[in-house]
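User: I have a model open and would like to talk through some of its local features with you. Could you take a look?

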Amino acid sequence: MSDYYRQLETRLQERFGSQLSATHVEISELTAELPREHLLSVCEALRDEPEFAFEQLIDLCGVDYSEYGNGSWSGPRFAVVYHLLSVRNNHRIRLRCFCDDELPVVPSVINIWNSVNWFEREAFDLFGILFEGHPDLRRILTDYGFIGHPFRKDFPISGHVEMRYDPETRRVIYQPVSIEPRDMVPRVIRDDHRYHDLSAQEEQ
Amino acid sequence: MAEIRNFTLNFGPQHPAAHGVLRLILEMDGEMIVRADPHIGLLHRGTEKLAETKHYVQSLPYMDRLDYVSMMCNEHAYVMAAEKLLQLEVPIRAQYIRVMFDEITRILNHLLWIGAHALDVGAMTMFIYAFREREDLMDCYEAVSGARLHAAYYRPGGVYRDLPDTMPRFEGESKWHSADEIQALNGNRDGSLLDFIEDFTNRFPGYVDEYETLLTDNRIWKQRLVDVGVMSPERALQMGLTGPMLRGSGIEWDLRKKQPYEVYDRLDFDIPVGTNGDSYDRYLVRMEEMRQSNRIIKQCIEWLRHNPGPVMAENHKVTPPSRLQMKEDMEALIHHFKLASEGFMVPEGEAYAAVEHPKGEFGIYFLSDGANKPYRMKIRAPGFAHLAAMDEMVRGHMLADVVTVIGTQDIVFGEIDR
């Protein structure tokens, strides 16, 4: 499977050249990174040209890289990741498009794959990434009147407000959260020999 | 002459035919639908964000709660994605057990779907029939994992434990059940779990015949389903439909055949495909899928009977050692302590693993920065794309057809809202 994707990677590089900023094949998965100026033209070619023929957009998700590797990340903060599937050629590709930190904007691919409508709304809702050209960019998963973008890394897991019924005013009110954040299992990155040996042990 | 204007109708969020918490804003022209705007998110729990705060094994039970009628299939995508990142080999017996339970889950899901769908359309009996069979299958869940619904049975590296040799039995006389009745209920529970499942697979095709007698040629059923919610193959691909929704439109696409995972390439089964892309074709596709799942389960039982072996990978950096080992071996104890206190580290990288879930392509995308918790997890829920196509499918239909379309899409809010 890896060999097939390496060939596809070569074909991709021959076809698009400098329009893609990086490509790599890892664990039998092909990933291509591209700047947002070329997103629409590359996507359209990927859908229409028979050697790629990615008719389906399977998934789109936002990523907030700000705490990646415990803060060792130096690239742009937000990225949009697309997973495409070709039913005709039976292969997949992952596209990644980075966007600016201050005002993350990416062109919408809704005219290429109609299925992206809700996925882009979701990425807008959860990460605040804007999709230029989307006809109906509303919040989708969070509550009516929700403030903030909950999947950003600077948004606490407990949220900012909690909701309760207030018997005095006899209505449902929002108030600042009263629970304290706690972390039962700390997040750690271990770089010791045990994990380097893991793959070597498998081979023996 | 008075001017006739469109009006808006609110459907849900609490409506028996909405299959959970769907709020639909319907713009109507008389009884015809001009536009449907589904409002979702009423069951949003932030599973993906929660997974970022827990180590890999801890967030596995959340998967059961996504699509809460096909629990083990969700777990399957999750463990496959983690195994892909870890480059972990799964023992062959565990792969067969997973495939068998995936297919049991598919039958469970389709039974609930046919029951609820038929009930929505007006056929009460189906619901009772379907739940009769679900009872047996949930007993299988209980026997293997201890839970009837939220199993948490799969683990990165295999499954939690091997198939049990005994089935749970009905006990105790009461004013509701005499001793004879209890003995009759325990009739097929004398052997192992595999015997129980085999007994079920022998009975099940007869049950599907029963359902088909009730529905397939039923005049009312056909009037409600034929030519409702038609999707052409081109539009189905454009809208990102997968699973029975795509196959109903005539595209032969099944991940079990096209991108086989686990042991599906060793098993013999067929992929049913529809021709018209309407609700009736999708009904026929799902009915045939139940029969094919039954075939797969039979083959798995046959294999599992003759091939004992480990069900968990031996790599104790990832999978916990046995209790016995822990009592005798210092290193095993250390492994267990590390796994219980901080879990395992996953190499830096990203992986997307998808399974042919009863509803379509269910995928998990992991982005790992080398920590013991995923940096980002994305759940690709098939129902999310299907519900997005709702507007297109109901346009120009009557209000009553909305219920049919919700039914034919097999909507479950646990996975859509995540």
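**Aromatic residues, a strand and some open spaces**

Analyst: Gladly; bear in mind that this is a predicted model. A place to begin is A:Trp73, which counts as partly exposed, at 28% relative accessibility.

User: What is the geometry between A:Tyr65 and A:Trp73?

Analyst: Their ring centres are 4.3 Å apart and their planes meet at 15°, so the pair is stacked, since planes under 30 degrees apart count that way. A:Tyr65 itself is buried, with a relative accessible area of 3%.

User: And how are the rings of A:Tyr68 and A:Trp73 arranged?

Analyst: That pair is edge-to-face, because the planes stand at 70°, with the centres 5.2 Å apart. A:Tyr68 is buried, its relative accessible area being 8%.

User: Which residues form one aromatic cluster with these?

Analyst: The cluster consists of A:Tyr65, A:Tyr68, A:Trp73, A:Phe98 and B:Tyr375. Over all chains, the count of aromatic pairs comes to 27.

User: Switching to charges over rings: where does the charged end of B:Arg132 sit?

Analyst: It sits over the ring of B:Tyr207, 4.7 Å from the centre of that ring. B:Arg132 also lies over the face of B:Tyr129, at 4.9 Å from the ring centre.

User: New topic, strand E2 of chain A. Is it buried or exposed?

Analyst: The strand, residues 29-33, has 5 of its 5 residues buried, so it is largely enclosed by the rest of the structure. Both faces are covered, with A:Glu29, A:Thr31 and A:Glu33 buried on one side and A:Leu30 and A:Ala32 buried on the other.

User: Which strands have bridges to E2(A)?

Analyst: Strand E1 of chain A, residues 22-26, runs antiparallel to E2(A) and is joined to it by 5 bridges, with A:Thr23 having A:Ala32 as its bridge partner. Strand E5 of chain A, residues 91-99, runs parallel to E2(A) and is joined to it by 3 bridges, and there A:Glu33 stands opposite A:Arg96.

User: How many residues lie between E1(A) and E2(A)?

Analyst: There are 2 residues between them in a hairpin, and A:Ile27 in the turn has a positive phi of about 40°.

User: Now the open spaces. What volume does the largest pocket have?

Analyst: Its volume is about 1700 Å³. Of the 50 residues lining this pocket, those closest to its centre are A:Phe155, A:Pro156, A:Ile157, A:Ser158 and A:Gly159. Two or more lining residues come from each of strand E8 (161-166) of chain A and, in chain B, strand E3 (32-39) and helix H1 (47-52). By class, the lining of the largest pocket has 22 nonpolar, 12 polar and 16 charged residues.

User: And the second largest pocket, which residues are closest to its centre?

Analyst: That pocket holds about 1000 Å³ of space. Among its 30 lining residues, A:Ser28, B:Met80, B:Lys84, B:Pro260 and B:Tyr261 are the closest to the centre. E5(A) gives the most to this lining, with 4 residues, and E2 of chain A is one of the elements that supply at least two.

User: Last one: how many cavities of 30 Å³ or more are there?

Analyst: The count is 2, and the second largest cavity holds about 30 Å³ of space. Its lining includes A:Leu60, A:Cys61 and A:Gly62, along with B:Arg376 and B:Lys378. The largest share of that lining, 4 residues, comes from H3(A), and the lining of the second largest cavity divides into 5 nonpolar, 1 polar and 3 charged residues.

Key. Residues are numbered from 1 along each chain as its sequence is written. Chains are lettered from A and ligands numbered from 1 in the order in which they are written. This is a predicted model: local features need pLDDT of at least 70, side-chain atom pairs count only at pLDDT 80 or more; totals for chains, interfaces and linings use all residues. Side-chain values use heavy atoms; hydrogens and water are left out. Rings of Phe, Tyr and Trp (its six-membered ring) pair if their centres lie within 6.5 Å; planes under 30 degrees apart count as stacked, over 60 as edge-to-face and the rest as tilted. Buried means under 20% relative accessible area, exposed over 50%, partly exposed in between (1.4 Å probe, protein chains only). A charge sits over a ring if NZ of Lys or CZ of Arg is within 6 Å of the ring centre and within 35 degrees of the ring normal. Two strands pair if DSSP finds at least two bridges between them. On a 1 Å grid over the protein atoms alone, a cavity is a set of points where a 1.4 Å probe fits but cannot get out, and a pocket is an open set with protein on both sides within 12 Å along at least five of seven lines; lining residues have an atom within 4 Å of a point. Grid points are joined across faces, edges and corners, and a volume is the space filled by probe spheres set on the points. Ala, Val, Leu, Ile, Met, Phe, Trp, Tyr, Cys and Pro count as nonpolar, Asp, Glu, Lys and Arg as charged, and the others, Gly among them, as polar.
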